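Visitor: I am new to this one. Please pick a single part, look at it closely, and then show me what lies around it.

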Amino acid sequence: MAGKRIETQIKNAVQRLIPDQAEKIYEIPVEKASGNEWYLDGIEKTGTFTGKRFFKTAAVFAACLLFCFGIYQIIGFQKECTVYLDVNPSVELASNKKDRVVEAKALNKDGEDILSDLKLKNTDMETAVNAVLGAMVRKGYLNRKQNEILISVEGKNSKKVNELKVNLSQEVSGYLSPLIGMSKVYSQKIEESDTITSLAQKYKISPGKAVLIQKLKEQNPELSFEELAGLSITELKQKLMEVGIYLEEYVESPGAESKEEGESYDKTSKMTDKTTAVKQEESKQDETKQKKTGMNPEKTKTTKETGNIDTDSKDDLDEDDDDRQEKKKEEEDSDSSDEQEEKTTMNQSSTTKAEEEISDEMEEED
């Protein structure tokens, strides 16, 4: 009891020593420091990173990021070169500075058929061109008969355009060789204009083909733009050759033949056709004669039946006969020489035997 009384007295004494001024203290207004008070001298001021400031910083960063991404998109999708491929399908491929395809467009119905199952965006230009040509081969637009293609390249960077034109020509020739055999690749550098664009849209052809036909028509006014526009490149070349015009004189082509070489080739081709026709006629006459005489044409086939008068084979037969006769003669000579040797050997042996007998008799007499 005494201890409890002592604790109560001490508590009361402490409360009397500490006045209850909390209410008054709370009511006193507090003035914030402005930063230049005497008691802040020598203390470096540091900012506090509040939530509001964080959001402002994040917004600035996001704006910079969007700006950079927009610039990248503009550069990445900006066209630098445009390639037009013409066989009968006409296809347009646009590339950026990195030679990546940014747009693939069909310029006629056949072109739509080619691009219907191809995804070419962001692929390398050479890869995209090979994919388009592979689809043309697969769908029958390119084959051993229809084997000519026109490549037209357009762009502001002349050096880049020339490099792309040369590289694509070589790439296409190498790619098509194992697929359809020999192919003919024509290439040209073009500059599109309002007139060319209008003609291309009107006749549903590429600007590259429009430029080529326009060149042809300027020097040959008798040609019909509409008629030539509807032809494939192979048909266009054949049509021009009929009127003495050579496509190689208007576009670039590796190993292009001159006009004189083309005329010489035509003459040779015509002579070959005439010779073949004559041989075939002779073959028919021979078959008719053999049927009339009751002979079996199958057993009496001559070189004429194949349309080839093979005089070289006759010479070969004569040479074979001569060789056989010479061999036979050599064998006969060899046999006769062997017989002569045998006779000589027998004579020598008989002479030797006679000499031995004579010597024996002489020994006996002695």
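## A charged pair and its surroundings

Guide: Lysine 79 is partly exposed, with a relative accessible area of 46%. The model is predicted, and local features need pLDDT of at least 70, side-chain atom pairs count only at pLDDT 80 or more, and totals for chains, interfaces and linings use all residues. Numbering runs from 1 along each chain as its sequence is written, and side-chain values use heavy atoms, with hydrogens and water left out.

Now to the partner. The side chain of lysine 79 meets that of glutamate 103 in a salt bridge of 2.6 Å, N to O. Such a bridge is a side-chain nitrogen of Lys or Arg within 4 Å of a carboxyl oxygen of Asp or Glu. This pair links distant parts of the chain. Glutamate 103 sits in strand β3 (residues 101–106), while lysine 79 sits in the loop between α3 (51–76) and β1, 24 residues apart. Helices (H or I, at least four residues) and strands (E, at least two) are DSSP runs, numbered from the N terminus.

Glutamate 103 is also partly exposed, at 25% relative accessible area. It has another charged partner: the side chains of lysine 105 and glutamate 103 meet in a salt bridge of 4.0 Å, N to O. Lysine 105 is partly exposed too, at 35%.

Step back to the wider set. The salt bridges number 11. One of them joins glutamate 252 and lysine 165, at 3.0 Å from N to O. Glutamate 252 is in the loop between α10 and α11 (259–292) and lysine 165 is in helix α6 (residues 158–180), so the pair ties together parts that are 87 residues apart in sequence. The two ends differ in cover. Lysine 165 is buried at 5%, whereas glutamate 252 is partly exposed at 46%. There is a network as well: salt bridges link Asp113, Asp117, Arg138 and Lys139.

Serine 253 lies in the loop between α10 and α11. Its relative accessible area is 14%, so it is buried. Its side chain reaches the backbone oxygen of valine 185 at 3.4 Å. Leaving aside residues up to four places away in sequence, serine 253 touches Lys184, Val185, Tyr186 and Glu248. A contact here means heavy atoms within 4.5 Å.

Tyrosine 141 is found in the loop between α5 (125–138) and β4 (148–155). With residues up to four places away not counted, it touches Val87, Pro89, Asp110, Asp113, Ile114, Met136 and Gln146. With aspartate 110 there is a polar contact of 3.3 Å between the side chains. A polar contact is a pair of N or O atoms within 3.5 Å; within protein, one must be able to donate a hydrogen and the other to accept it, and residues adjacent in sequence count only if both atoms are side-chain atoms. The C-alpha atoms of tyrosine 141 and aspartate 110 are separated by 8.8 Å, and the residues are 31 apart along the chain.

Strand β1 leads on to a helix. The buried residues of α8 pack against β1 (81–86), β4, β5 (184–189), α7 (194–203), α9 (225–229) and α10 (233–242). Those buried residues are Pro207, Gly208, Lys209, Ala210, Val211, Leu212, Ile213 and Leu216. Helix α8 (residues 207–219) has 13 residues and reaches 19 Å from its first C-alpha to its last, close to the expected 18 Å. The expected span is 1.5 Å times one less than the number of residues.

The structure holds 1 aromatic pair. The rings of tyrosine 203 and phenylalanine 225 have centres 5.0 Å apart and planes at 35°, so the pair is tilted. Rings of Phe, Tyr and Trp (its six-membered ring) pair if their centres lie within 6.5 Å; planes under 30 degrees apart count as stacked, over 60 as edge-to-face and the rest as tilted. Tyrosine 203 belongs to helix α7 and phenylalanine 225 to helix α9, 22 residues apart. Tyrosine 203 is partly exposed at 23%, while phenylalanine 225 is buried at 8%.

Last, the whole chain. It has 12 helices and 5 strands. Buried residues make up 27% of its 366 residues.

Definitions and conventions. Buried means under 20% relative accessible area, exposed over 50%, partly exposed in between (1.4 Å probe, protein chains only).
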